Amino acid sequence: KKKIGQKIFGVKNINHPGFKKFLQEGNYFLDCDIVNFNKKIMKLINFTYPSNFKKKLKKFKIKNIGGFHTRNVPHRAHEWIHMYGLKKCGALLIQPMIGQYKKNEYKNDIIVKTNKILIKKVYNNKKIFFAKYFSYPKYGGPREALLHALVRKNYGCTHFMVGRDHAGISDYYKKYESQIKCKKFEKKLNLNIISFKEPVLCTNCKKIVNEKCLNCKTNKIKKISGTQIRFLIKNGKKIPSFYMRSEISKLINKSSLIK
């Protein structure tokens, strides 16, 4: 099982959170056809049917759409990525993963609630869609990024956005390793991979920029991450509006995190 885990996660360190969870789970894996599936069970699962979403795309005559994967409450850097994807494709699917389990990560309901508010009340754009992806984070880096891409293809996406250290954790994977891997298999995926440099905060203009600020032309930049914001929440500190818009930050507190 360790050998299989090493192939799945691309690491040998069994302290990797995804690898560790994999080793702790059962030792039996099934390969089978499903007959007479009980659809009633789906009412218990927070899930958006791909077939239903594709009908929506057809209804709105959407030809190109980029998929955005998240397991976070949206902050300003996410907003920059959303707008970047929208410019590239003309339409965007923001699809949070439902199935968090790790301590100090956001609870599922707050991830759904905050992303919906951003889409419906802040963006209010008919070309920006919402759906839920029922799974759980494996922190598998490049290989999990490929899985995320395939899932969005099943939802009808023509493009998929791969960010900095996509699906990674700590320093188990290189910063842009997931982007390189997804680009490598772009043709096999039959999906356009959208990659970009990490959005950062210009501490002078207090705006999100891509690598460097073209407005004030300074290199005074600061990284923004979900981990950093969760640290502020955990310690009861106020989240600055240049990190996260107030419409979102006012909805989260210590109880928004898994204990």
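Which helix lies across β7 and β8? Select residues 76-89: this is helix α4, and α4 runs at about 55° to β8. Lying across is a matter of contact, meaning heavy atoms within 4.5 Å. Angles run from 0 to 180 degrees between N-to-C directions, with axes as lines fitted to C-alpha atoms, for helices over the stretch in contact.

Before going on, note that the model is predicted: local features need pLDDT of at least 70, side-chain atom pairs count only at pLDDT 80 or more, and totals for chains, interfaces and linings use all residues. Residues are numbered from 1 along each chain as its sequence is written, and side-chain values use heavy atoms, with hydrogens and water left out.

**Stop 1**

Show β7, β8 and β9 together. They make an open sheet of three strands in the order β8-β7-β9, with antiparallel pairing. Helices (H or I, at least four residues) and strands (E, at least two) are DSSP runs, numbered from the N terminus. Two strands pair if DSSP finds at least two bridges between them.

Select 207-210 for β8 and 221-223 for β9. Each stands at an edge with a single partner strand, so one side of each is left without a neighbour in the sheet. From one strand to the next, the twist averages 45°.

Now select β7, residues 199-202. Three bridges join β7 to β9, and four bridges join β7 to β8. Pick V200: K223 in β9 stands opposite, and V209 is its bridge partner in β8. Move to L201, which faces K222 in β9.

What sits between β7 and β8? Four residues do, and the two strands form a hairpin. Click K206 in the turn: its phi is positive, about 60°.

**Stop 2: α6 and α7**

Select 141-154 for α6 and 177-184 for α7. Their axes are 8 Å apart, and the helices pack at an angle of about 50°. The two are therefore oblique to each other; angles under 35 degrees count as roughly parallel, over 145 as roughly antiparallel, 65 to 115 as roughly perpendicular and the rest as oblique.

Show side chains. From α6, G141, P142, A145 and L146 meet E177, S178, K181 and C182 of α7. By class, this contact has four nonpolar, two polar and two charged residues. Ala, Val, Leu, Ile, Met, Phe, Trp, Tyr, Cys and Pro count as nonpolar, Asp, Glu, Lys and Arg as charged, and the others, Gly among them, as polar.

**Stop 3: α1 and α2**

Go to α1 (residues 2-9) and α2 (residues 17-24). They pack at about 150°, with axes 10 Å apart. K2, I4, G5, Q6, I8 and F9 in α1 meet G18, F19, F22 and L23 in α2. Those residues divide into six nonpolar, three polar and one charged.

**Stop 4: an aromatic pair**

The whole structure holds 13 aromatic pairs. Rings of Phe, Tyr and Trp (its six-membered ring) pair if their centres lie within 6.5 Å; planes under 30 degrees apart count as stacked, over 60 as edge-to-face and the rest as tilted.

Select F60 and F129. This pair is edge-to-face, 5.8 Å centre to centre with 70° between the planes. F60 lies in the loop between α3 (50-59) and β1 (66-70), and F129 in β3 (residues 128-130), so the pair ties together parts 69 residues apart in sequence.
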